[in-house]
Amino acid sequence: MKNIYKNSTQNLNKAKKILIKNNVIAVPTETVYGLAGNAYSNSSVKKIYKIKKRPIKNPLIIHYYNLKSLKKDAFIKDEFLKLYKKFSPGPLTYILKKKKNSKISFFANSNLKTIAVRFPKNKIIRKLLKNLNFPLAIPSANLSSAVSPVSSEDVIDEFGSKIKFILDGGNSRIGLESTVINLSNKIQILRPGAISNKDISKVLKKKVSFLKNSNKLISPGLLKRHYSPGIPIRLNCKKMEDKAALIVFGKKYKNNKYTFNLSKSGDMKEAARNLYKTLRKIKNLGFKKINVVKIPNNKIGIAINDRLKKAAY
Ligand code: TXA
Ligand code: MG
């Protein structure tokens, strides 16, 4: 595909040039692929919302190379530093208070008093961030409420040739979006991910829980319907519906053309990595409905079940 660019110094320089002009590119991260633009530029951030058809009230995550580059934009506190030392760079997003004189475009954080920040671990996006003198606003590279992409081909599946430059990094290693933790007032997990509430509780030496379904839109990405392949999904199935695609997990299931196994060996990390690929594949094969067996609800399984529940809504 002519809009896919392999990791090379030359292509990283091309990517940099496009971003400096406040245009948007697709980039790999260890969680999912994203649409990246200059977080300090209104015009760049507006383009991201437009391409994704994302409601302007749903703020973006700002991606930084390191702590030093963040200090101008957000207030740093103790809990943040503890978690940063342990988990960053990596799949954890922190909600922090924004500094008044920060240059972050008010479109990027939907004009809130807080910003979401992440330090991605993927080597390619890190090289790019290191070479820029602004952070990148990077939401997942899918149309609003659709399934997130975990490869360059998935980005094309979402947007066709609309994205002119996709920086290729192979398959995303984790395959689910980062854990989002609110540190701006009551410490709470707003979105489960590869880093679990237990991992976080251990570092902070106190119990950190999930935000309970509330009517207040603390994290607008927590909209009830999300990650949707656009066809009905039934969860915790024991019996399969006629002609439905069946998503299973573990070795007791037989292979056939209706069955899609997230991990034959019962490995939760592998299941997470395969989830979005599988949903996309089933949809593209033309199935009209999906049945999912019960998936264990611990560690990254909590994040898998969270996404399935929202995809099924
Ligand atoms: O793994 C990831 O986080 C990926 C990769 C590309 O880095 N990005 C991602 O971005 O998942 P997005 O835009 O698809 O999800 C961002 C989530 C949304 O649920 C949004 O509402 C929430 O973060 N968020 C952003 N800023 C926030 C803020 N100031 N307060 C509360 N929630 C916020
Ligand atoms: Mg998203």
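Visitor: What makes 18 Å the expected span of H9?
Guide: The expected span of a helix is 1.5 Å times one less than its number of residues. H9 has 13 residues, and its first C-alpha is 18 Å from its last, close to the expected value. This is a predicted model: local features need pLDDT of at least 70 and side-chain atom pairs pLDDT 80 or more, while totals for chains, interfaces and linings use all residues. Residues are numbered from 1 along each chain as its sequence is written, chains are lettered from A and ligands numbered from 1 in the order in which they are written, and side-chain values use heavy atoms, leaving out hydrogens and water.

Visitor: Why is H9 called mostly covered?
Guide: Because buried means under 20% relative accessible area (exposed is over 50%, partly exposed in between; 1.4 Å probe, protein chains only). In H9, 10 of the 13 residues are buried. Among them are Ile 300, Ala 303, Asp 306, Leu 308 and Lys 310.

Visitor: What makes Lys 310 and Asp 306 a salt bridge?
Guide: A salt bridge needs a side-chain nitrogen of Lys or Arg within 4 Å of a carboxyl oxygen of Asp or Glu. Between Lys 310 and Asp 306 the N to O distance is 2.7 Å, so the pair qualifies. The two residues lie four apart in H9, about one turn of the helix. An α-helix has 3.6 residues a turn, so residues three or four places apart point the same way.

Visitor: How many salt bridges does a search of the whole structure find?
Guide: The search finds 12. One joins Lys 206 and Glu 79, at 3.7 Å from N to O. Lys 206 lies in the loop between H7 and E11, and Glu 79 in H4, so the bridge ties together parts that are 127 residues apart in sequence. Lys 206, at 39% relative accessibility, counts as partly exposed.

Visitor: Why does the pair Glu 241 and Lys 289 count as a salt bridge?
Guide: Its closest N and O atoms are 4.0 Å apart, and the limit is within 4 Å, so it is counted. Glu 241 is in the loop between E11 and E12, and Lys 289 in the loop between H8 and E14, 48 residues apart. Glu 241 has 27% relative accessibility, which makes it partly exposed; Lys 289, at 28%, is partly exposed too.

Visitor: Which residues form the positive surface patch?
Guide: They are Lys 86, Lys 121, Arg 173, Lys 198, Lys 202, Lys 269, Arg 273 and Lys 299. A patch takes residues with over 30% relative accessible area and no salt bridge, joining like charges within 9 Å (nonpolar side chains within 5 Å). H7 and H8 each supply at least two of the patch residues.

Visitor: Why is Lys 202 called exposed?
Guide: Lys 202 lies in H7. Its relative accessible area is 71%, and the cut-off for exposed is over 50%, so the word applies. Lys 299 has 66% and counts as exposed as well.

Methods: Accessible areas come from the Shrake-Rupley method with a 1.4 Å probe; for residues, only the protein chains shown count as cover. Lys and Arg count as positive and Asp and Glu as negative; His and the chain ends are not counted. The place of a charge is taken as NZ of Lys, CZ of Arg, CG of Asp or CD of Glu.
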